[in-house]
Amino acid sequence: MKIRLILFLTLICPAARAQYTQYVDPLIGTAHCRWFHFTPGAVPFGMAKPAPSTNGSYGNVHGWEATGYDYRHTSIEGFPNFHEFQVGGIVFAPLTGELQTVPGKLEKPEEGYRSRFDRKDEHATAGYYSVLLKDYGIKAELTSTPRVAFHRYSFPAGKPAHILFDIGNQQGESGPVKDAKVYRLPDGRIEGWVTTLPVYVEKYQPGAEVTMYFSAELDAAPDAFGVFRKNDIQKSADSISGPGAGLYLSFNDGKKRSVTIKAGLSYTSVENARQNLRAEAAGLRFDKAKQNAIASWNSYLGRIKVESPLKADMVKFYTGLYHSLLGRGLASDVSGAYPKNNGETGQIPLGENGKPLHNHYNTDAIWGGFWNLTQLWALAYPEYYSDWIKSQLLIYQDAGWLADGIANSRFVSGVGTNFVSLAISGAYMAGIRDFDVQQAYAASLKNELEGKDRPRGAGKLDIDRFRKYGYVDHIEKADGWPETWMFAASHTLEYSFSSYAVAQWAKLLGKTEDYKELMRLAGGWKHLFDTSLKLIRPKYASGQFIENFNPSQPWRGFQEGNSWQYTFYVPHDPRGLVSALGKDSFNYRLNTIFETSRKNKFGGGTTIDAFSGLEGLYNQGNQPCLHIPWLFNFSGKPSLTQKWVRTICNEFYGTEGVHGYGYGQDEDQGQLGAWYVISSIGLFDVKGLAETAPELGIGSPLFDKVIIQLSDKYYKGGAFTIETRHGGGENIYVQSLSLNGKKLDEPFVPFKKVMEGGKLVLEMGKEPRDDYRK
């Protein structure tokens, strides 16, 4: 009777529906927090990402380090509204008492407008954030619509209250401020913009810049206003320009009050920021916006339903899924206006309903994303995957090349390679084809084969040498950009993989000559395989392997890794790699690697640094290794994939501010979170959907039941269920597999079968079993 009552309430009462946000803890792993990592006020894939900052004003020397919010800090300096890779700014901050216009330092909060806070007074979930600013007694709350940030500041009685619009100063990864403006209009609106010069934008597209615009409305009129530049305050002035520009509002009567700010945001103009505000938030109050934001998150998170008696696993899962849906936010306006690569404003075509046919997005590089994000998008969010491809094709259309990463449509390659063509090919193989296929193929083929006049931001600057030798030849030292000479071995492996992916696409499209050339290049890894050491070893143009070779050494032929790690980087031909090492040697070496790496937390131990673990045998905290635990499925030892993937899920991932995604490892716009999601449900494609008929490897699900809600637009199956029987405790090994009642002999399920819906049942036990044919 109780079960029926709960079901009845769920059907008739929205409040009784599953609240997946209860398992989302955005504070996890924020001790080493990239600028885009902690934005609890955002909605899925939103442009508006209001969040607290503890150190965003400190800048970012190399352009990518941890900045913005650090779990170990105890004071908050303000609430920026833009948080993307290389994009950050438009800070709002409330205070009481004496007007202060500089944020101050962490060591001495009282010397600026920052305020101390206690963790017990902080609440963060998907779509909403609140905190008590202890020095002022102010409760600050944040939420949003896709392009509108909502701030609500509840001031206590007794002292003058102020709100700062600190617009013209550097924030997070944004780089130095080139120019800014903020002004107050007669109707009370506060508007403005800031132009920044992010480090990676300047590196990959010299002379380019990023501009952010806003238009804000308040529901309360101030008693006074003025502008400032650092400590220089001009009372009653209503406009200021240039770096450091800021504006303040004051409420001098000392009354208790709540003030709500609605800020429309845009990357194209103040007018479009106004239009975004009108379209998404006209008449919308804070509490309703909060309700809508949380409902949106529950809808997105609910596309994959998992069941487990272990709350920690539920928290890891839904927080990881939340991170997967947080990065790569909107860059286009409600009208379809978007920032072009050359700094002009473009227009996305409109449909018959007058709305844009798709959106445009900022995006960090997709390096490694084919082992987490794109598989997750294909399974549960194919409409976003499709949108992402159309967005990437805008860059190709405007600039002539695919861009691995973009900030405000500017090139920000980041790693000097380019896997966009592999990601596009993977979507096609997964049945997502509602984009301009011919344009996408042409762009992808160019990405794989052409080097002439290639801009630095398109990556692959050594592609001509790859085609000439069949591998990228090692250069010991050069004066040019590091990505042209420093990473020859890792680039060879990466280019081989992406060549294979586009080759399969060429095959399906009947592009025979393209297929032959791409498949020639797909074998590039074999040129660097040292049969005496059974390791990948950089090679000179002469054909000789490098001398003084140290397999543990990063940065000499290998980017963010070493030979021990990159030797397993043959995802498109895992059986070929197993054969090259010998099956027994392969299994012994890889199992020993995991046994050894476990002692060091599968990475850099407890060292808080994104690059910790680069010299290790295995590094879960960085992209080049993420497929490796799944390789045992190809070497006759699926039980070892089950063992090590589950162990990594349990031990590398935590639920704390310090131990989250490892200890200080790099949660690149949700990639480590997405890896946990797909690995914990027991499905993973080592080949990144590159095959003409992709197969998902099967692991050891952490959950009793998983239900993937399939998109009606792209797939016909309705839902795909994964069920484990007799699991729990020591029963981590698969004893038998069946798909829709039919026994499986191998630990793989065709992606097509998943999309057709049905049920995968795994019988579990505590003893390893590797042969399912019996």
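Let us start with Arg274, which lies in helix H3, residues 270-281. Please bear in mind that the model before you is a predicted one. Leaving aside residues up to four places away in sequence, Arg274 touches Tyr183, Arg189, Glu191 and Ser215.

From UniProt, in an unreviewed entry, comes the feature "domain: Glycosyl hydrolase family 92 N-terminal", at residues 23-266. That span is 2% helix and 43% strand, and its end C-alpha atoms lie 31 Å apart. UniProt also places "domain: Glycosyl hydrolase family", again from an unreviewed entry, at residues 272-766. For residues 272-766, the figures are 38% helix and 12% strand, with 59 Å between the end C-alpha atoms.

I turn now to a pair of helices. Two packed helices are described by the angle between their axes and by the distance between those axes. Helix H6, residues 373-380, packs with helix H7, residues 382-399, at an angle of about 125 degrees, and their axes are 6 Å apart. H6 and H7 are therefore oblique to each other. Which residues of H6 and H7 meet? From H6 there are Thr374, Trp377, Ala378 and Ala380, and from H7 there are Pro382, Tyr384, Tyr385 and Trp388. By class, this contact of H6 with H7 comprises 7 nonpolar residues, 1 polar residue and no charged ones.

The largest pocket holds about 660 Å³ of space. Its lining is made of 32 residues, and those nearest the centre of the pocket are Pro146, Arg147, Tyr300, Leu330 and Asn359. Helix H4, residues 286-301, and H7 are the elements that give two or more residues to this lining. Which element gives the most to the lining of the largest pocket? The answer is H7, with 5 residues. Sorted by class, the lining of the largest pocket has 14 nonpolar, 9 polar and 9 charged residues.

The second largest pocket contains about 430 Å³ of space. Here 26 residues form the lining, and Tyr200, Gly414, Val415, Glu560 and Phe611 are the ones nearest the centre. In the second largest pocket, helix H2, residues 199-204, gives the most to the lining, with 3 residues. The lining of the second largest pocket divides into 12 nonpolar, 7 polar and 7 charged residues.

Finally, the cavities. How many cavities of 30 Å³ or more does the structure hold? There are 8 of them. About 60 Å³ of space lies in the largest cavity. Lining the largest cavity are Phe36, His37, His323, Leu326, Gly327, Glu667, Gln669 and Gly670. In terms of class, this lining has 2 nonpolar, 5 polar and 1 charged residues.

One is helix H7, which meets H6 through residues including Trp388 and which gives 5 residues to the lining of the largest pocket. The other is Arg274 in helix H3, with Tyr183 and Glu191 among the residues that Arg274 touches.

Notes
Residues are numbered from 1 along each chain as its sequence is written. This is a predicted model: local features need pLDDT of at least 70, side-chain atom pairs count only at pLDDT 80 or more; totals for chains, interfaces and linings use all residues. Side-chain values use heavy atoms; hydrogens and water are left out. UniProt positions are given in the numbering used here, feature names are shortened, and annotations may be inferred rather than shown by experiment. Helices (H or I, at least four residues) and strands (E, at least two) are DSSP runs, numbered from the N terminus. Axes are lines fitted to C-alpha atoms, for helices over the stretch in contact, and angles run from 0 to 180 degrees between N-to-C directions. Angles under 35 degrees count as roughly parallel, over 145 as roughly antiparallel, 65 to 115 as roughly perpendicular and the rest as oblique. Contact means heavy atoms within 4.5 Å. Ala, Val, Leu, Ile, Met, Phe, Trp, Tyr, Cys and Pro count as nonpolar, Asp, Glu, Lys and Arg as charged, and the others, Gly among them, as polar. On a 1 Å grid over the protein atoms alone, a cavity is a set of points where a 1.4 Å probe fits but cannot get out, and a pocket is an open set with protein on both sides within 12 Å along at least five of seven lines; lining residues have an atom within 4 Å of a point. Grid points are joined across faces, edges and corners, and a volume is the space filled by probe spheres set on the points.
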